[in-house]
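Subject: Handover of a structure and notes on its contents

Dear colleague,

Please find the structure below, followed by an account of what was found in it.

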Amino acid sequence: MTRSNDPSNDKGAGKGLTVPCPQCQQPVAWTTENAYRPFCSKRCKLIDLGAWADGSHRIPGEPHMDETELDELIDRLERGE
């Protein structure tokens with residue numbers, strides 16, 4: 001079942017569908033004419049990009065291994081530990 005306010009719903013496009021800007025929460029028209037969607041402006045889009053770049057936004061998960069830890073893991077696996 002597709003929700004009427006789902007931006008991926010093509011049937012809603014052109015019917016005045018609005019979504020909140022992820023940065024400032026202002027209503028944003030979800031249309032192909034809006035070059036910054038889902039953001040309201042270039043400014044909000046760049047603020048969000050900057051947050052990803054500096055690590056403020058991140059997807060939770062396992063911490064990455066550096067080369068030393070990876071080499072140690074491979075050595076242990078080869079020894080059958």
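In which loop is the place of glutamine 26? Glutamine 26 lies in the loop between strand S1 (18-20) and S2; helices (H or I, at least four residues) and strands (E, at least two) are DSSP runs, numbered from the N terminus.

Before the details, a note on the source. This is a predicted model, in which local features need pLDDT of at least 70 and side-chain atom pairs count only at pLDDT 80 or more, while totals for chains, interfaces and linings use all residues. Residues are numbered from 1 along each chain as its sequence is written, and side-chain values use heavy atoms, with hydrogens and water left out.

Overall composition

The protein chain has two helices and two strands, and along the sequence they follow the pattern β-β-α-α. Of its 81 residues, 15% are buried, where buried means under 20% relative accessible area, exposed over 50%, and partly exposed in between (1.4 Å probe, protein chains only). Contact means heavy atoms within 4.5 Å. Among contacts with a separation of 6 or more, residues 24 or more positions apart account for 4%.

The core and phenylalanine 39

The largest nonpolar core has seven residues: Leu17, Val19, Cys21, Val28, Trp30, Phe39 and Cys44. Such a core is a set of buried Ala, Val, Leu, Ile, Met, Phe, Trp, Tyr and Cys residues joined through side-chain atoms within 4.5 Å. Phenylalanine 39 sits in the loop between strand S2 (27-29) and helix H1 (42-53). It counts as buried because its relative accessible area is 10%. Leaving aside neighbours within four places in sequence, phenylalanine 39 is in contact with residues including Cys21, Val28, Asn34 and Cys44. Its C-alpha atom is separated by 7.1 Å from that of glutamine 23, 16 residues apart along the chain. With residues up to four places away in sequence not counted, valine 28 touches, among others, Leu17, Val19, Cys21 and Phe39.

Asparagine 34 is found in the loop between S2 and H1 and is buried, with a relative accessible area of 15%. Its side chain reaches the backbone nitrogen of arginine 37 at 3.4 Å. Not counting residues up to four places away in sequence, asparagine 34 touches Val28, Ala29 and Phe39.

Cysteines and glutamine 26

The structure holds zero disulfides, a disulfide being a pair of cysteine sulfur atoms within 2.5 Å. Cysteine 21 is in no disulfide, and the nearest cysteine sulfur, that of cysteine 24, is 3.8 Å away. Cysteine 40 is likewise in no disulfide; its nearest cysteine sulfur, that of cysteine 24, is 3.6 Å away. Cysteine 21 is buried, at a relative accessible area of 0%, whereas cysteine 40 is partly exposed at 33% relative accessibility.

Glutamine 26 also counts as partly exposed, at 47% relative accessibility. Leaving aside neighbours within four places in sequence, glutamine 26 is in contact with Val19, Pro20 and Cys21.

Helix H2

The 13 residues of helix H2 (residues 67-79) should span 18 Å at 1.5 Å a residue, and the end C-alpha atoms are 18 Å apart, which agrees. The expected span is 1.5 Å times one less than the number of residues. Just after H2, glycine 80 takes a positive phi of about 85°.

With kind regards

Notes:
A polar contact is a pair of N or O atoms within 3.5 Å; within protein, one must be able to donate a hydrogen and the other to accept it, and residues adjacent in sequence count only if both atoms are side-chain atoms.
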